[in-house]
Amino acid sequence: MTSVDTSALLSWFDRAGRPLPWRGPGVGAWEILLCEVMSQQTPVARVEPVWRAWLERWPGPAELAAAPAADVIRMWGKLGYPRRALRLQECALVVVDRHDGEVPTDVEALLALPGVGDYTARAVACFAHGQRVPVVDTNVRRVVARAVGGAAKAGPPSTRRDLAEVDALLPSGRERAVAFSVALMELGALVCTARVPRCDDCPLASSCAWLAAGRPEWDGPRRRTQTFAGTDRQVRGLLLDVLRDGDGTADRDRLAAVWPDPVQRGRALDSLVADGLMVRTGDVYSLPG
């Protein structure tokens, strides 16, 4: 496998890496776990103010575990996929009850936490606990596909293959491996982007297999672009906003004014109740107590 110029990558990150608050000194494992869950399918610019607000209100897992669920949902704001808020509270409960309020250090224990998947577990193990483990997200997969594989896109994900490919690129030392993981992810977010990669600014340009091949077009399967307008996800958000922005309750008539289609509205309400984001009592819906 083609290697990645670690020195060039780290030098670039020292110059161009964003000073994100969760990268600063003294940031603990819980703060990093919170950031990683909030950042799933959500831009960093939207995450930062919510992350700060949560930590100001609930500095650690014990405070979040004791909070009313309605407050947790309200504080999630407009980050999207609000089920993550409740999963974070469930995670906080487990951290308090089973780990004495300390976020576990190894990947397997992290994977056992509610709402923590393979990426988040490895990100916390690496970025919070300094472990030499491969961390693979969409940005990392894209950089590896181009710089090492010579392909414009990474293609369908495969956890085992993706982890093995990134693990083979990691420097041997723990500290350098952690820095490499942060920098590789940042390169995909800022330079080796999906639509308009800035190859002239890339520290890996001299060894990039895709650039050397003339930046060939992707000839693999195309991902279907999903629109947001009119989807059940949009309807769920609009209905939840009524409760979140008001006193926490609303009857059917009030919710009907938000979305006129009774079938889709009913389906969205049923799913919100099933996810624990709403409670139904007769014709009245409310945030969970």
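Buried means under 20% relative accessible area, exposed means over 50%, and partly exposed lies in between (1.4 Å probe, protein chains only). By that rule Asp167 is partly exposed, because its relative accessibility is 33%.

This is a predicted model, in which local features need pLDDT of at least 70, side-chain atom pairs count only at pLDDT 80 or more, and totals for chains, interfaces and linings use all residues. Residues are numbered from 1 along each chain as its sequence is written, and side-chain values use heavy atoms, with hydrogens and water left out.

## The annotated domain

UniProt, in an unreviewed entry, places the feature "domain: HhH-GPD" at residues 38-190. UniProt positions follow the numbering used here, feature names are shortened, and annotations may be inferred rather than shown by experiment. Over residues 38-190 the chain is 65% helix and 0% strand. The end C-alpha atoms of this stretch are 19 Å apart. Helices (H or I, at least four residues) and strands (E, at least two) are DSSP runs, numbered from the N terminus.

## Salt bridges

A salt bridge is a side-chain nitrogen of Lys or Arg within 4 Å of a carboxyl oxygen of Asp or Glu. The structure holds 16 of them. The table gives some of these pairs.

| Pair | Closest N and O atoms |
|---|---|
| Arg132 and Asp167 | 3.5 Å |
| Asp162 and Arg141 | 2.9 Å |
| Asp162 and Arg161 | 3.2 Å |

Take Arg132 and Asp167, which form a salt bridge. Arg132 lies in the loop between helix H8 (118-128) and helix H9 (138-147), and Asp167 lies in helix H10 (residues 159-169), so the pair ties together parts 35 residues apart in sequence. Arg132 is partly exposed, because its relative accessibility is 30%.

Asp162 forms a salt bridge with Arg141. This pair links distant parts of the chain: Asp162 sits in helix H10 and Arg141 in helix H9, 21 residues apart. Both Asp162 and Arg141 are buried. For Asp162 the relative accessibility is 8%. Asp162 also bridges to Arg161. Arg161 is partly exposed, at 36%.

## Two loop residues

Val136 lies in the loop between H8 and H9. Val136 counts as buried, because its relative accessibility is 15%. Contact means heavy atoms within 4.5 Å. Leaving aside neighbours within four places in sequence, Val136 is in contact with Tyr119, Arg141, Asp162, Leu163 and Val166. Val136 and Leu184 are 48 residues apart in sequence, and their C-alpha atoms are 9.6 Å apart in space.

Arg18 is in the loop between helix H1 (6-16) and helix H2 (29-38). Arg18 is partly exposed, with a relative accessible area of 28%. A network of salt bridges links Arg18, Arg23 and Glu186. Not counting residues up to four places away in sequence, Arg18 touches Arg23, Val44, Glu186, Ala189 and Leu190. Arg18 and Leu190 are 172 residues apart in sequence, yet 9.3 Å apart from C-alpha to C-alpha.

## How H9 meets H11

Two packed helices are described by the angle between their axes and the distance between the axes. Axes are lines fitted to C-alpha atoms, for helices over the stretch in contact, and angles run from 0 to 180 degrees between N-to-C directions. H9 and helix H11 (residues 174-190) pack at about 85°, with their axes 8 Å apart. That makes H9 roughly perpendicular (65 to 115 degrees) to H11. H9 contributes Asn139, Val140, Arg142, Val143 and Val144 to the contact, and H11 contributes Leu184, Met185, Leu187, Gly188 and Ala189. By class, the contact has 7 nonpolar, 2 polar and 1 charged residues. Here Ala, Val, Leu, Ile, Met, Phe, Trp, Tyr, Cys and Pro count as nonpolar, Asp, Glu, Lys and Arg as charged, and the others, Gly among them, as polar.

Note on methods:
Angles under 35 degrees count as roughly parallel, over 145 as roughly antiparallel, 65 to 115 as roughly perpendicular and the rest as oblique.
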